[in-house]
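Could you walk me through this two-chain model, part by part? I would like to know how each chain is built and how the chains meet.

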Amino acid sequence: MAAPPLTTEAAGSASAPAGQSPWRLVGGRLRRDPAALAGLAIIALFVLMAIAAPLLTALNGHGPNEFHPEKIDKALAGAPKGAFGGIDGDFWLGVEPGTGRDVFSRMVYGARVSLLISVAATGVATVVGTVLGLTAGFAGGRIDTFISRIMDMVLSFPQLIFMIALVSVLPEGNRMLELVFVMGFFGWPYIGRIVRGQTLTLRHREFVDAARATGMLRTRIVFREVLPNLLAPVLVYATLTIPINIGTEAALSFLGIGVRPPDSSWGQMMSKAIDWYQVDPTFFVVPGVCLLLTVLAFTLLGDAFRDALDPRGAGR
Amino acid sequence: MKRPVRTCFTLALSLAVAGGLSACGSGDDDSSAAKSGGTLTVLFNDDFAHLDPQRNYVMFAMDFGTRLLYRTLTTYAAKPDQEGTKVVPDLATDTGTTSDKGKTWTFHLKPGLKFEDGSPITSAEVKYGVERSFAPDLPEGPGYARSMLEGGDKYKGPYKDKDGLASIEAPDPQTIVFHLKEPSMDWPLITTLPTFAPVPKAKDTGVNFDKRPFSSGPYKVESYDRGKKLALVRNTYWQKSSDGVRQANPDKIVVEEGIAQPTIDQRLIADQGNDQRAITLYSVASPSMPRILTRPDVKKRFVSATSLCTRFLGMNTSKPPFNDPKVREAMQYAIDKEAYRTAHGGSGVGELAGSYLPPAMTGGQPQDVYKAPPNGDPAKAKQMLAAAGKSAGFSIKLTTTSSEQGKAEAEAVQQGLARVGVKVEINAVSKSVYYDTIGDIKKEDELVFYGWCADYPSASSFIPPIFDGNNITPKGNTVVHQLNDKGMNEKIAAAMKANDPAQWQAVDRDLMGLSPMIPLIHDKLPLLHGSKVTGTFGHPIWEGEFDFATIGVK
């Protein structure tokens with residue numbers, strides 16, 4: 001039961017300098033990767049913004065759902081007064097057409113929704129996928145067949161269409177929870193398949209055989225020998241799933257089945273901005289840039305993670 | 001009795017000018033300059049639900065149909081504003097005569113009227129047309145003939161009942177007589193509806209008549225590819241001399257269907273090539289408004305006329321908290337009508353409403369019962385809520401459509417009521433099931449958006465269908481507030497008999513006192529046309545739609 005190798009390949013290459021734990025090694029590699037640092041910085045910024053949303057809106061004094069009729073032109077269907085969607089010292093990113101709500105306040109509260117839903121949905125998918133994938137891979141036989149077929153079935157659904165259908169028929173309740181559940185439900189087989197494949201190769205590795213020979217319990221083998229070796233691929237995969245989920249949440253909000261009004265989310269802001277882009281392009285740019293930056297940051301980080309954990313693949 | 005919201009939930013906005021029309025290019029001047037010829041292009045974001053005269057019951061399509069494809073016994077003058085609500089003869093020589101105070105109505109047809117194949121239009125075809133509206137296969141049209149004609153409740157239409165309806169008599173080819181159950185002086189207004197368009201029995205194709213209505217008007221269908229294109233050409237047998245209303249200026253009218261409304265707006269704003277001779281069939285999208293109103297050259301081509309429609313917020317009086325009239329009254333002050341109107345399209349889409357009846361139906365006199373400021377009076381509303389024992393506020397649900405605009409309007413109501421501690425949860429449902437949802441009296445939310453347009457300029461086609469408690473039905477309910485007040489129902493019945501605008505105004509005031517709904521706005525329809533289109537004004541009867549009787553191209 002030596003320190004478990006990170007991945008099968010990394011263990012085989014034995015390239016780790018002596019005296020450093022593999023995780024520390026990964027940390028070092030990440031620190032030297034400018035793309036990873038940039039991704040981390042952007043994520044940290046948005047997370048901070050989301051956490052501090054009430055403080056930030058207290059700074060400018062506008063709640064996310066406060067109407068400001070004085071900032072919009074009532075005769076013109078509520079087009080913002082002033083250049084660039086009504087940007088000024090008081091409204092840092094302008095106001096929403098039609099209502100005069102502060103775009104900055106809605107943007108930071110929207111960050112809460114986008115990040116919370118996508119991270120939570122990724123968490124659900126990861127946990128469910130790992131548990132079921134591990135079970136299938138380690139148990140084999142009928143259990144494997146059963147779980148694998150379920151995974152195939154869920155994967156073969158046209159996802160977005162099913163999500164739309166599911167969210168609209170689910171009973172009235174907490175919409176955020178429903179979204180997390182639905183997105184997690186359609187996300188777990190991806191991770192489940194990877195985990196199952198990894199488990200299958202790990203099952204016959206020498207250290208697992210050795211553990212078995214010493215009479216270790218099956219559950220202990222799973223948790224002490226197999227699971228630690230799965231962490232790296234799961235982590236990489238989860239990091240790369242988050243941006244996909246951010247996009248999905250935005251898409252669902254864009255299609256009108258995201259969070260309920262008046263709660264804001266970036267997708268919902270973009271959906272409203274579509275109608276207004278010719279009159280007020282600023283309103284379109286703000287949620288668009290936020291989405292772009294967040295997805296980019298998570299993708300950069302995920303890539304960097306993969307490279308750091310598997311140096312042989314770096315530079316692909 | 002058409003619900004405006006059924007067809008125009010995307011109603012946008014219009015120009016903020018007093019009187020609307022006078023500033024949007026005078027119809028009369030344009031008409032005199034109009035000349036015959038050319039092709040008019042009509043841009044539409046959808047397809048007509050029905051062009052079959054007996055099934056046509058959507059305001060702008062009724063205008064399109066009765067002005068271009070079929071003639072009715074009577075019709076409305078092709079004039080803007082109040083003058084347009086005047087009934088004039090069409091197929092008939094006058095607007096009908098009665099010898100027994102409205103129980104029997106006699107019309108004489110003009111001589112020499114012809115269908116598109118040259119065959120004569122006689123009273124038999126008018127009778128057959130009205131009888132078609134009784135057929136269970138063709139149920140979509142207005143229900144007046146069914147409910148007002150003697151024996152109408154038993155008659156099943158000409159397909160099943162070959163003998164016809166006895167209460168419509170055609171003693172000779174030029175004369176038609178209607179026998180009503182109850183006397184009604186509104187009958188000449190009702191005969192303006194497309195139900196009263198003639199249909200020859202030999203040309204009746206049943207449900208397929210929709211695709212190719214047989215013309216009695218100035219134009220006939222050349223080709224109709226549903227959802228794509230409808231082309232109308234002149235009906236050469238129609239004579240201007242027999243028609244005092246329709247000018248029939250263009251040689252050809254082409255409706256391009258299924259174009260997104262923002263694209264239509266963009267094309268009309270750009271005003272290039274053939275689009276100079278184009279109009280939008282329905283209201284421009286509200287985000288297009290700033291681009292129209294801020295450019296003087298585009299603004300000149302903008303039309304918005306008041307109509308006989310009002311939009312409301314209905315309060316479900318069948319359950320708490322709105323079973324308490326004091327709470328309902330407080331809502332009249334809590335609501336932010338200005339924010340609602342901005343979300344609906346801005347100050348041009350309508351006048352803020354202070355009572356239910358559109359002013360055009362009470363001699364143009366708007367009535368404001370509670371005199372709350374446009375943004376509401378939260379302080380007063382709070383006091384009233386406290387007096388009603390609701391100082392802690394309450395939580396309710398509001399049904400709206402799941403469109404962007406539907407949600408924006410709901411948010412405007414939400415923030416207004418939040419000021420007095422009322423928490424509103426928005427229940428957004430798809431447009432296609434909206435009326436089924438709010439029309440189910442058991443499942444109806446506490447608050448619902450609602451709207452109503454009068455079929456003809458009389459309060460008797462406005463107040464009874466939406467306020468008379470006797471009209472409450474378990475499903476498909478039109479009395480969405482579900483208030484069933486005996487005294488009020490009697491007052492409505494009395495006003496129906498008297499049919500005096502002043503008495504209707506009093507009923508309107510009394511209803512506001514009971515406060516079953518919050519009146520939001522009296523609608524206007526915002527429209528745009530190309531620079532070479534003439535005779536453009538919004539007709540008050542058909543929701544403010546362009547009058548196709550006068551329209552032409554240069």
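**A walk through the model**

Over all chains, the count comes to 37 salt bridges, a salt bridge being a side-chain nitrogen of Lys or Arg within 4 Å of a carboxyl oxygen of Asp or Glu. This is a predicted model, in which local features need pLDDT of at least 70 and side-chain atom pairs count only at pLDDT 80 or more, while totals for chains, interfaces and linings use all residues. Residues are numbered from 1 along each chain as its sequence is written, chains are lettered from A and ligands numbered from 1 in the order in which they are written, and side-chain values use heavy atoms, with hydrogens and water left out.

Let us begin with chain A. It has twelve helices and two strands; helices (H or I, at least four residues) and strands (E, at least two) are DSSP runs, numbered from the N terminus. Along the sequence, the pattern reads α-α-α-α-β-β-α-α-α-α-α-α-α-α. Taken along the principal axes, the C-alpha atoms of chain A fill a box of roughly 80 × 45 × 30 Å.

In helix α6 (residues 141-156) of chain A, A:D152 and A:R149 sit three residues apart, about one turn of the helix. Their side chains meet in a salt bridge, at 3.1 Å from N to O. Side chains of opposite charge can pair when their charged atoms come close. The other stop is A:I42, in helix α3 (residues 34-51) of chain A. Leaving aside neighbours within four places in sequence, A:I42 is in contact with A:L293 and A:A297, where contact means heavy atoms within 4.5 Å. The C-alpha atoms of A:I42 and A:V195 are separated by 29 Å, and these residues are 153 apart along the chain.

Now turn to chain B and its sheets. Strands of a sheet pair through backbone hydrogen bonds, either parallel or antiparallel. Here two strands pair if DSSP finds at least two bridges between them. One open sheet of chain B has five strands in the order β7-β8-β9-β1-β10, with mixed pairing. At its edges stand β7 (219-225) and β10 (278-280) of chain B, each with a single partner strand, so one side of each is left without a neighbour in the sheet. From one strand to the next, the twist averages 20°; axes are lines fitted to C-alpha atoms, for helices over the stretch in contact, and angles run from 0 to 180 degrees between N-to-C directions. Strand β7(B) runs antiparallel to β8 (residues 229-234) of chain B, and six bridges join them. Within this pairing, B:D225 has B:K229 in β8(B) as its bridge partner.

Helices pack on this sheet as well. Helix α3 (residues 59-68) of chain B touches β7, β8 and β9 (252-256) of chain B, and its direction makes about 25° with that of β8(B). Helix α7 (residues 261-270) of chain B lies across β1 (39-43), β9 and β10 of chain B, running at about 140° to β10(B).

Another open sheet of chain B has three strands, in the order β4-β6-β5, and its pairing is antiparallel. The edge strands are β4 (104-108) and β5 (168-172) of chain B, each pairing on one side only. Five bridges link β4(B) with strand β6 (residues 175-179) of chain B, and B:T104 stands opposite B:H179 in β6(B). Helix α4 (residues 123-132) of chain B packs on this sheet, touching β5 and β6 of chain B, at about 170° to the direction of β5(B).

Two backbone details in the loops of chain B deserve a look. B:K101, in the loop between β3 (87-89) and β4 of chain B, has a phi near 55°, a positive value in a residue other than glycine. A cis peptide bond, with omega about 0°, joins B:P320 and B:P321; B:P321 lies in the loop between β11 (302-315) and α10 (325-334) of chain B.

Finally, how do the chains meet? In all, 23 residues of chain A are in contact with 27 residues of chain B. The chains bury about 2100 Å² between them, 59% of it on carbon and sulfur atoms; buried area is the accessible area (1.4 Å probe) that two parts lose on being put together, summed over both. In chain A, A:F67, A:K74 and A:P261 lose the most area to chain B, together 26% of what that side buries. The rule finds one salt bridge across this interface: A:R101 pairs with B:E411, their closest N and O atoms being 2.9 Å apart. Helix α11 (residues 266-276) of chain A gives the largest share of the side of chain A that touches chain B, four residues.
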